[in-house]
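These are my notebook entries on one structure.

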4 protein chains.
Amino acid sequence: MALVGVMRPGHAQIRVLDLEEGIHFYRDVLGLVETGRDTQGRVYFKCWDERDHNSLIIRQADRAGIDFFAFKVLDKATLDKLDADLRAYGLKTERIPAGDLLETGERVRFEIPSGHLIELYADKTCVGNGLDMVNPRPWNANSERGIAPIRFDHGLLYGPNIAAVQKIFTEVLGFFLVERVLTPDGKGNVAIWLSCSHKVHDIAFVEHAEPGKLHHCSFLLESWEEVLRAGDIMSMNKVPIDIGPTRHGITRGCTIYAWDPSGNRFETYMGGYQPYPDYQTLTWTFDELGPGLDYPQRKLHETFLTVVS
Amino acid sequence: MALVGVMRPGHAQIRVLDLEEGIHFYRDVLGLVETGRDTQGRVYFKCWDERDHNSLIIRQADRAGIDFFAFKVLDKATLDKLDADLRAYGLKTERIPAGDLLETGERVRFEIPSGHLIELYADKTCVGNGLDMVNPRPWNANSERGIAPIRFDHGLLYGPNIAAVQKIFTEVLGFFLVERVLTPDGKGNVAIWLSCSHKVHDIAFVEHAEPGKLHHCSFLLESWEEVLRAGDIMSMNKVPIDIGPTRHGITRGCTIYAWDPSGNRFETYMGGYQPYPDYQTLTWTFDELGPGLDYPQRKLHETFLTVVS
Amino acid sequence: MALVGVMRPGHAQIRVLDLEEGIHFYRDVLGLVETGRDTQGRVYFKCWDERDHNSLIIRQADRAGIDFFAFKVLDKATLDKLDADLRAYGLKTERIPAGDLLETGERVRFEIPSGHLIELYADKTCVGNGLDMVNPRPWNANSERGIAPIRFDHGLLYGPNIAAVQKIFTEVLGFFLVERVLTPDGKGNVAIWLSCSHKVHDIAFVEHAEPGKLHHCSFLLESWEEVLRAGDIMSMNKVPIDIGPTRHGITRGCTIYAWDPSGNRFETYMGGYQPYPDYQTLTWTFDELGPGLDYPQRKLHETFLTVVS
Amino acid sequence: MALVGVMRPGHAQIRVLDLEEGIHFYRDVLGLVETGRDTQGRVYFKCWDERDHNSLIIRQADRAGIDFFAFKVLDKATLDKLDADLRAYGLKTERIPAGDLLETGERVRFEIPSGHLIELYADKTCVGNGLDMVNPRPWNANSERGIAPIRFDHGLLYGPNIAAVQKIFTEVLGFFLVERVLTPDGKGNVAIWLSCSHKVHDIAFVEHAEPGKLHHCSFLLESWEEVLRAGDIMSMNKVPIDIGPTRHGITRGCTIYAWDPSGNRFETYMGGYQPYPDYQTLTWTFDELGPGLDYPQRKLHETFLTVVS
């Protein structure tokens, strides 16, 4: 295989303040497909074009935020190898048994210096995307139910020590650094965008004092016209928008940031370019974070740096 | 690295019947960036958003067609490893010294059973995409000069023995089979789409009696609106269109097929989904090749199966 | 009023070979809104964003084709004035009483030299577009049910004597000639596009030996992306496509032509420019009808000139 | 003619603080076509797809703002008739001789109760849109030079007494009221959108204490993708954006508002629906002005109500 090791973001577990409200939002407004509920009361969703059983899990809790963010790896051997590599690197890993999450195999969990729990797993039941495996049509009714993203694309996490986090992702997990924002003095990074594929980001981090915070989970749309439609649907449902529709300078992607009813930010996203591991990192100076965030307006919306869950 | 081994299509060398006519077409109509000419009279081009020195090389010859199709691999160690693997598999490989192609390192060349010359290489000079490495803007004037694709995306080659070709690509080079079209009896494949990444195809093959033929080189656009613009520019320049604008059922991509002045087919393409190595292959039956090729019209354009260079 | 006299295409009555099949097609595939059925067995539809009660009426008959094509005029005084003008011009007019068509006022009907029945009317019940009159949202679920055009845009009719037809439309009804295609000898027109507004066409005619034929009714979409979606939906429903997706050179509009189950051609259309009465007519020579029809392919699809209902 | 009387916005004359800076902005950034300069030092522009000689005139002055906003009427007889009608209504009109503005016939000028100078004229030299009148291509290089709108679409003016203004436009000039925003008490209008065609607005007014103010001139684009591109070009040229990219609830149009270097707001706009004179006015309550202005964000940007030139 040419695409080995860590393949892609697999699932994230998010806390919501009211489960029914959360189900309504993620199923009917964002337009995910509900695929199951477990005995712990967790509710499982996938994007319509994803084939694995789940990519977003919500549970009710007293405060919003993210429990863990997971990547699917190529196979069981890869999982064991990466577990060993992480331990050899000095991280403590934990094995969560298969079945703890519905239709999901054994997970290797570890905490990174930003205070986030990251997981790796090799197995999740393929339930298909609702299109036939033989002579499929290109889309179906689920493509137009709610915002209807095609994929859980990436996450942006806020916490301390992102230089150490970057080392783990690049030296152990095989990611490469696609873009970065320098600190005001230019000596370090305040933000990093990391890829394990040829996406502009599979995960990103911003340096932040408080550990373990969620900035947003991002869901992929297929066109700028669908970003407009997402904005319309948000408004029809009075979903509070943070930023957008606009283009990011960083990644070139086109976006709307908004909040779920519990205050978890999410992104509906499209575009960006396709970097490869041999690509040199693009650098943004701190004073150009405005256009980096909101390219047309060249504006550093304050909420981007301060509001997390 | 999670994306290792063979990374992506790197370059193809195409024969044109008249060099000046070819230069005009690829530079001014397709809108590639000319990056050099060598002592053999070859002319080098790249797509505007590519960072490496070249991705398409043309040379004048008595008949159209493709000389070789090359992939960039992660690094020199990978190149040596894949060379050894190919030889161990029983293929004869040849080393082309660095510098034979401008700004390109040593290449490992081998012939596959379809009669095509495939190359691997690890080094090609990064000349950048014309945007700054620090605080880049998202595009520049080259994005709108001619059709202006962002990337040499993939190729479709016609020749015999594609079952054997598939084995080499999947068992030695790390590709996976994304989609396929069955033979009328359903016992084999008449067409295969192979990926070394999470693109729907990095290379594809159709079973064909005559070896070493080119069906098309494909160039990536960013939107369906740019496909329309490409069609306008083709018409303004009287470029003969084969098929499109339309959507493929196979890969879901949106396309125009047309011919360069020498009769080499090319594609201006956008869209498709993003498969991963754990994805099950999608299958098309032979009787559904019509919608597979031209989804709206459900039509198997005869030229698709018969006209190659 | 600055926009007076004849305002816009109002309704067309089309014959289908099987009513249930026709209802299914126009309601579920094309995505019109069914608004009523009358005692004659006719079924009434409107496009979702239209406000008047109906714009397309179908009835079962032994052969496909069009019964009549109607324009809404500003008011009752205009209707009477135009009736008098038509009679003064030498045409015979007939009054169809209010209520003959559901929710539609008195109609003035006349036959034009191409053998088509044209109607004028001033009143049709406003039923709204399903959005509120106060603080409306921009669209609703009907916008995404089937192809879901926003408006019955124009018709193209085939018949003899289009020079005489043009005189009636321009000299009596206040239309202007937006574009035309010359006869091979350049002495007359084989096709004319006429506007009573600032659309590129409210009605068009092609010279044709057989009188009273329908080439197509055209339904407006809002973007090129919706044209692609229309093509997908046609394919999912095995609707036979004639031409497209493509751009017309004539009018610059973007289009798919396809046939309803009875063989009536229809068009899903977007774009074009906005001409005004002071605009000089654009002219196409007969030898350039290919790019005029299918701009990317520069191709005069034979069916365009020969297949009518 | 069905489209008679006042046809469309014809030209506006805008004051800029620095002529060279203004020329650079309107020609190179907005991408208008410069068509002439007169002995008074005024510089004339048109949008690339307009056929008449000019639609925007700039002159240097000590303060920004608008000198006059003009409509083209059908012909000289219409001009004389409307002049008489305006005087009969009680307005004072003035005749500006042909040639005062380059390539423009006699103008009838009058002041409306909001303090703006409105002009009517029947003649302006047709210089064409740069495409042939016979067998035209759909666009040319001017379509992609700068933001490159296709048309000067409408204006929004701020001043007192808009109820009186509305009466003049609807009772004398033949406009109809497409949409309106109510005053907080619901007894009057704070904003009105008026059409003389089937556009959602040819001119609009907001009630404002200070007379004669310009909110924005609006330039039409062809797609939401072009609105994104406009935003990119604004950012590349550090043009300050006020609002957008976003969709208006009012008119459904998609927009960016930004300022020229002198502080005159302009809009790059696409979309909206097509109302006719028989359409009932849509009403917005004052508390819903937020979604009316910025539908996704449901936000009443303060600058919209306060910053004018």
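**Entry 1: a strand of chain D and its partners**

I began with strand β13 (residues 213-220) of chain D, which pairs with β16(D) in the parallel sense over four bridges. I noted that two strands pair if DSSP finds at least two bridges between them, and that strands (E, at least two residues) and helices (H or I, at least four) are DSSP runs, numbered from the N terminus. In this pairing, Leu220(D) stands opposite Tyr269(D) of β16(D).

The model is predicted: local features need pLDDT of at least 70, side-chain atom pairs count only at pLDDT 80 or more, and totals for chains, interfaces and linings use all residues. Residues are numbered from 1 along each chain as its sequence is written, while chains are lettered from A and ligands numbered from 1 in the order in which they are written.

I then looked at the other pairing, in which strand β15 (residues 253-259) of chain D joins β16(D) in the antiparallel sense over seven bridges. Trp259(D) has Arg265(D) of β16(D) as its bridge partner. The hairpin of β15(D) and β16(D) has five residues between the strands, and Gly263(D) takes a positive phi near 95° there.

Is strand β16 (residues 265-271) of chain D mostly covered or uncovered? I found seven of its seven residues buried (20 or more other C-beta atoms within 10 Å of a residue's own, with C-beta atoms placed from the backbone).

**Entry 2: the sheet of chain C**

I recorded an open sheet of eight strands in chain C, in the order β2-β3-β4-β1-β5-β8-β7-β6, with mixed pairing. Strands β2 (33-37) and β6 (93-96) of chain C stand at the edges with a single partner strand each, so one side of each has no neighbour in the sheet.

Strands β3 (residues 43-46) and β4 (residues 56-60) of chain C run antiparallel and are joined by three bridges. Within this pair, Val43(C) has Ile58(C) in β4(C) as its bridge partner.

**Entry 3: where chain D meets chain C**

How many residues of chain D are in contact with chain C? I noted 38 residues of chain D in contact with 38 residues of chain C, where contact means that C-beta atoms, placed from the backbone, lie within 7 Å. On the side of chain D that touches chain C, β1 (6-16) and β17 (282-284) of chain D each supply at least two residues.

For confidence, I noted that the predictor gives the complex an ipTM of 0.97 and a pTM of 0.98.

Notes:
Contact = placed C-beta atoms within 7 Å. Buried ≥ 20, exposed ≤ 12 C-beta atoms within 10 Å, placed from the backbone.
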